[in-house]
Amino acid sequence: MGTGMAEWLVRFVGLALGSALVVTALGVLVLRLAGRRPRPAAIVLALLTLFFLGLTQFPLPDPATMTCPQPDTDPRLVPFNFARRLVGILATPDRAVAELIAFGPAAALMNLLLCIAIGAALARAAGSGGLALAALFGATLTLTVEFTQLTGFWGLYPCPWRQFDLDDLVLNLAGVMLGFWAMRRIGRPS
């Protein structure tokens, strides 16, 4: 990874994390001013969720310089397409590293791991809520992300710049459910 790419990545993650911290801190402040004390698990859940939302939308493009339609933004509606693409990449070992970087499985893995963390935080914050709550939360979160990407940030931009991907829906929901289930299993008395 070149210096320019590393610098861009640090700014990208920093912007998403900074935004999540600011919004979470404001939420905590509002609750405190209202005389309520938020639970630490709820704060962690809010922070992780906002960080995830930021990562999936940033960097925001400059609408004045956008040309529509943006390349590679047609929705991907074939389930488990990532598996077929990954098998194809691994079948060409001489180009595998370059193809893997271009394909971006690291982004999919990062989404999955972050959604596992969100599910684990949800298990701690939800009290007695069950798997149905986790499924509803996970589905709402990932549908919000994907529809936001599909709509050009709900019409604030002239066209989408990110891609709606059915695989993301599946992986993100699976991550939330796995994290929730794992935390409930770990926290269950034997």
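Trainee: To begin with, is the crossing of α6 and α7 left-handed or right-handed?

Mentor: The model is a predicted one, and in it α6 and α7 cross in a right-handed manner.

Trainee: At what angle do α6 and α7 pack, and how far apart are their axes?

Mentor: The angle is about 150 degrees, and the axes are 9 Å apart. An angle over 145 degrees counts as roughly antiparallel, so α6 is roughly antiparallel to α7.

Trainee: Which residues of α6 and α7 meet there?

Mentor: On the α6 side they are L131, A134, A135, G138, A139, T142, L143 and E146. Their partners in α7 are D168, L169, N172, L173, V176, M177 and F180. Sorted by class, the α6 and α7 contact comprises 10 nonpolar, three polar and two charged residues.

Trainee: Let me pick out G138. Is G138 buried or exposed?

Mentor: G138, a residue of helix α6, is buried, its relative accessible area being 1%.

Trainee: Which residues is G138 in contact with, leaving aside its neighbours within four places in sequence?

Mentor: They are L173 and V176.

Trainee: What is the hand of the crossing where α2 passes α6?

Mentor: The crossing of α2 past α6 is right-handed. From α2, the contact draws on L45, T49, F52, L53, T56 and Q57; from α6, it draws on F137, L141, V145, T148 and Q149.

Trainee: How many charged residues does the contact of α2 with α6 have?

Mentor: It has no charged residues; six of the contact residues are nonpolar and five are polar.

Trainee: Changing topic to electrostatics: how many salt bridges does the structure hold?

Mentor: It holds one salt bridge. The partners are the side chains of R76 and D165, with an N to O distance of 3.2 Å.

Trainee: Where do R76 and D165 lie in the chain?

Mentor: R76 is in the loop between α2 and α3, and D165 is in the loop between α6 and α7, so the pair ties together parts that are 89 residues apart in sequence.

Trainee: What else is D165 in contact with, besides its neighbours within four places in sequence?

Mentor: Leaving those neighbours aside, D165 is in contact with E146 as well as R76. As for P79, its C-alpha atom is separated from that of D165 by 8.6 Å, with the two residues 86 residues apart along the chain.

Trainee: On backbone geometry, which peptide bond is cis, with omega near -5 degrees?

Mentor: That is the bond from C68 to P69. P69 is in the loop between α2 and α3.

Trainee: And what is the phi of F153?

Mentor: Phi of F153 is near 60 degrees, a positive value although the residue is not glycine. W154 likewise has a positive phi, about 60 degrees, and is not a glycine. F153 is in the loop between α6 and α7, and W154 is placed in that loop too.

Trainee: How accessible are F153 and W154?

Mentor: F153 is partly exposed at 26%, whereas W154 is exposed at 53% relative accessibility.

Trainee: Finally, the overall picture: how many helices and strands does the protein chain have?

Mentor: The protein chain has seven helices and zero strands. Of its 190 residues, 29% are buried. Among contacts between residues at least 6 apart in sequence, 78% join residues at least 24 apart.

Terms used. Residues are numbered from 1 along each chain as its sequence is written. This is a predicted model: local features need pLDDT of at least 70, side-chain atom pairs count only at pLDDT 80 or more; totals for chains, interfaces and linings use all residues. Side-chain values use heavy atoms; hydrogens and water are left out. A crossing is left-handed if the near helix is turned anticlockwise from the far one by less than a right angle, and right-handed if clockwise. Helices (H or I, at least four residues) and strands (E, at least two) are DSSP runs, numbered from the N terminus. Contact means heavy atoms within 4.5 Å. Ala, Val, Leu, Ile, Met, Phe, Trp, Tyr, Cys and Pro count as nonpolar, Asp, Glu, Lys and Arg as charged, and the others, Gly among them, as polar. A salt bridge is a side-chain nitrogen of Lys or Arg within 4 Å of a carboxyl oxygen of Asp or Glu. Axes are lines fitted to C-alpha atoms, for helices over the stretch in contact, and angles run from 0 to 180 degrees between N-to-C directions. Angles under 35 degrees count as roughly parallel, over 145 as roughly antiparallel, 65 to 115 as roughly perpendicular and the rest as oblique. Buried means under 20% relative accessible area, exposed over 50%, partly exposed in between (1.4 Å probe, protein chains only).
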